[in-house]
Amino acid sequence: MNILVTGGAGYIGSHTVRALVNKKHRVVVLDNLSKGHPAAVKEIELVRGDTSDRQLLKRLLTGCNIEAVMHFAASSLVGESVRLPSDYYRNNVVNGLTLLDAAVEAGVRYFVFSSTAAVYGEPIEVPITENHPATPLNPYGATKLALEGAMRWYGEAYGLRYTSLRYFNAAGADPAGDIGEDHEPETHLIPLVMKAALGLIPQLEIFGDDYPTPDGTCVRDYIHVNDLADAHILALEAMAGGAGSNIYNLGNGNGYSVLEVIETAKAVTGSSIPVKYAARRAGDPAVLVAGSERIKDELGWRPAFPGLREIIETAWRWHSNHPGGYEK
Ligand code: UFG
């Protein structure tokens, strides 16, 4: 299939691009390179541009005979979204609608969307299934939920078929070790733990030790980035085979605390990881664990890296080989 991947030079996008190319799809990446890295998509057709550019979208979608869009391009930091809701609504909702409109106009048939566990807000029960109420606590989650709503109604009115994938905590890197996570600034736990193990930051700050969890630190469901990538392909194949639109959670169903992540990283890296306890970070729910039975049952998704240790091993391979990230 001919597939446009927005945000394809970013962390999750680039891993999905690789999986698509391995499956012999033709991929065109659209990325404004605000976060993405050209080196993450070497030998792939990369167009530098923005999803706000309707003319560019039209040219790409029709000129490349695009049949499916995978939409990763978005702003995705919870804390930043609380400070800058205008930026998040513009980039995630307004630009998302521009892309949806262009896709409908160009006759694109399938749309796969990067959504997030942040749509659920503070869970009232775990594991969180897709039927859990969606009451986001921050603009990031709210903007992702808003585009999910738009996709639903676009589907009803214009026949666009979509799959929304609600990721829990994406982590790890391709085992080949040449692509991985490189954010500036980095705010995510596992890459920061890797940087602490490498001595690139003096210590890891643990945000809160008084949560109602077994060791007092937050519990998250870490999912390998290649397992996320595989789910995108399964979603596309299912729609191409006649399946309707759907929403799926993506996690492993296992929760690990911040301290468990640090202990596992110590074992993997053989390094000490200096830590400092700090205040809770605003907007962090105590526990986020996915119920991903729906995608397992309906699409046959099976994670290849379900364990925290193997996820951290692949992250370590990337970070220890690329301590300065892609460009340095
Ligand atoms: N943490 C620390 N110290 C750090 C960084 C993180 O203790 O330096 C803790 C956080 O408080 C949290 C856990 O590690 O408890 C994981 O934090 P991340 O920033 O790695 O991930 P989040 O759980 O905050 O975010 C993820 C996705 C978001 C999504 C969110 C849902 O990255 O896109 O889950 O709440 F919105």
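**Note on the predicted model**

1. Leaving aside residues up to four places away in sequence, Ala-278 touches Glu-205, Ile-206 and Phe-207. Ile-206 is 72 residues from Ala-278 along the chain, yet 5.6 Å separates their C-alpha atoms.

2. On the overall form: this is a predicted model, and the comments below should be read with that in mind. The protein contains 10 helices and 14 strands. Its radius of gyration is 19 Å, which agrees with the value near 20 Å that a compact globule of 328 residues would have. The C-alpha trace spans about 55 × 45 × 40 Å along the principal axes. Of the 328 residues, 48% are buried. Among contacts with a separation of 6 or more, 79% are between residues 24 or more positions apart.

3. The contact between them involves 28 residues from domain 1 and 24 residues from domain 2.

4. Which elements supply the side of domain 1 that touches domain 2? At least two residues each come from helix 3 (78-83), strand 7 (169-171), strand 10 (222-224), helix 7 (225-240) and strand 11 (246-250). Helix 7 gives the most to this side, with 7 residues. By class, the side of domain 1 that touches domain 2 holds 17 nonpolar, 7 polar and 4 charged residues.

5. The ligand is surrounded by 21 residues, and the closest are Ala-118, His-188, Leu-189, Phe-207 and Cys-218. Both domain 1 and domain 2 contribute to this shell, with at least three residues from each. Helix 6 (189-197) and strand 8 (204-207) each supply at least two residues of the shell. Strand 8 gives the most, with 4 residues. The shell divides into 12 nonpolar, 5 polar and 4 charged residues.

6. Helix 2 (residues 54-63) has buried residues at Leu-57, Leu-60 and Leu-61. Why do these residues lie on the same side of helix 2? They cover an arc of only 95 degrees around the axis, which puts them there. In general, an α-helix has 3.6 residues a turn, so residues three or four places apart point the same way. Gln-55 and Gly-63, on the other side of helix 2, are exposed. The buried residues of helix 2 pack against strand 1 (2-6), strand 2 (26-31), strand 3 (45-48) and helix 4 (85-105). After helix 2 comes Asn-65, with a positive phi near 50 degrees.

7. One joins Val-126 and Pro-127, with omega at about -5 degrees. Pro-127 is in the loop between strand 5 (110-116) and helix 5 (139-158). Another cis bond joins Glu-184 and Pro-185, where omega is about 0 degrees. Pro-185 sits in the loop between strand 7 and helix 6.

8. Lys-24 is not a glycine, but its phi is positive, about 70 degrees. It lies in the loop between helix 1 (11-22) and strand 2. Is Lys-24 buried or exposed? Lys-24 counts as exposed, because it has 7 C-beta neighbours inside 10 Å. Leu-33 is a residue other than glycine with a positive phi, near 60 degrees. Leu-33 is in the loop between strand 2 and strand 3. With 13 other C-beta atoms within 10 Å, Leu-33 is partly exposed.

Terms used
Residues are numbered from 1 along each chain as its sequence is written. This is a predicted model: local features need pLDDT of at least 70, side-chain atom pairs count only at pLDDT 80 or more; totals for chains, interfaces and linings use all residues. Two residues are in contact if their C-beta atoms, placed from the backbone, lie within 7 Å. Ala, Val, Leu, Ile, Met, Phe, Trp, Tyr, Cys and Pro count as nonpolar, Asp, Glu, Lys and Arg as charged, and the others, Gly among them, as polar. A residue is buried if 20 or more other C-beta atoms lie within 10 Å of its own, exposed if 12 or fewer, and partly exposed in between; C-beta atoms are placed from the backbone. The arc is that of the directions from the helix axis to the C-beta atoms. A residue is near a molecule or strand if its C-beta atom, placed from the backbone, lies within 6 Å of it. Domain bounds come from an automatic or database domain assignment. The radius of gyration is taken over C-alpha atoms; the globule rule is 2.2 Å times the number of residues to the power 0.38.
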